[in-house]
Amino acid sequence: MPDEVRMLDNDYALLFVRGEHAVMDRKYDLLKHPNIKYTEDGGYPPYDYAEAPLAHDVPAFDEKRYEDYELLSGEDIAGEPF
């Protein structure tokens with residue numbers, strides 16, 4: 001019941017999965033995870049996406065495959081109103 005959920009201890013969380021019974025479980029303290037040292041919260045430097053091994057300055061565009069692409073407008077993406 002909603003009033004019971006409001007009284008739930010902050011150490012617990014409710015998990016709802018469609019088609020399954022609700023589960024109440026104790027929350028996990030992420031700061032106690034052994035790999036926290038690899039995150040900014042654990043003191044590791046921020047991840048630099050520009051320096052990532054697969055990062056590209058400009059997306060590759062193959063002019064020979066121009067017909068494979070279709071440019072959509074905002075209206076095309078949003079679709080017609082129902």
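Valine 5 is partly exposed, with a relative accessible area of 44% (buried means under 20%, exposed over 50% and partly exposed in between, using a 1.4 Å probe and protein chains only). The structure is a predicted model, in which local features need pLDDT of at least 70, side-chain atom pairs count only at pLDDT 80 or more, and totals for chains, interfaces and linings use all residues. Residues are numbered from 1 along each chain as its sequence is written, and side-chain values use heavy atoms, with hydrogens and water left out.

**Overall fold**
- The protein holds 2 helices and 2 strands (DSSP runs numbered from the N terminus, with H or I over at least four residues for helices and E over at least two for strands).
- Along the sequence these elements follow the pattern α-β-β-α.
- The radius of gyration is 24 Å, well over the 12 Å that the globule rule gives for 82 residues, so the protein is more spread out than a compact globule; the radius is taken over C-alpha atoms, and the rule is 2.2 Å times the number of residues to the power 0.38.
- Along the principal axes, the C-alpha atoms fill a box of roughly 60 × 45 × 20 Å.

**Burial and contacts**
- Of the 82 residues, 2% are buried.
- Among contacts (heavy atoms within 4.5 Å) between residues at least 6 apart in sequence, 0% join residues at least 24 apart.
- The accessible surface comes to about 8900 Å², and 56% of this belongs to carbon and sulfur atoms; areas come from the Shrake-Rupley method with a 1.4 Å probe, and for residues only the protein chains shown count as cover.

- Helix 1 spans residues 2-6 and contains valine 5.
- Aspartate 3 also lies in helix 1, and its relative accessible area of 43% makes it partly exposed.
- The C-alpha atoms of aspartate 3 and aspartate 25, 22 residues apart along the chain, are separated by 18 Å.
- Val5, Leu14, Phe16 and Met24 form a nonpolar surface patch with about 400 Å² of accessible area together.
- Patch residues have over 30% relative accessible area and no salt bridge; like charges are joined within 9 Å, and nonpolar side chains (Val, Leu, Ile, Met, Phe, Trp, Tyr) within 5 Å.
- A salt bridge is a side-chain nitrogen of Lys or Arg within 4 Å of a carboxyl oxygen of Asp or Glu.

**Aromatic pairs**
- There are 2 aromatic pairs (rings of Phe, Tyr and Trp, the last by its six-membered ring, with centres within 6.5 Å; planes under 30 degrees apart are stacked, over 60 edge-to-face and the rest tilted).
- Tyrosine 38 and tyrosine 44 form an edge-to-face pair, at 6.1 Å centre to centre and 75 degrees between the planes.
- The ring centres of tyrosine 47 and tyrosine 49 lie 4.7 Å apart with planes at 80 degrees, so this pair is edge-to-face.
- Tyrosine 44 is partly exposed at 45% relative accessibility, whereas tyrosine 47 is exposed at 53% and tyrosine 49 is exposed at 65%.
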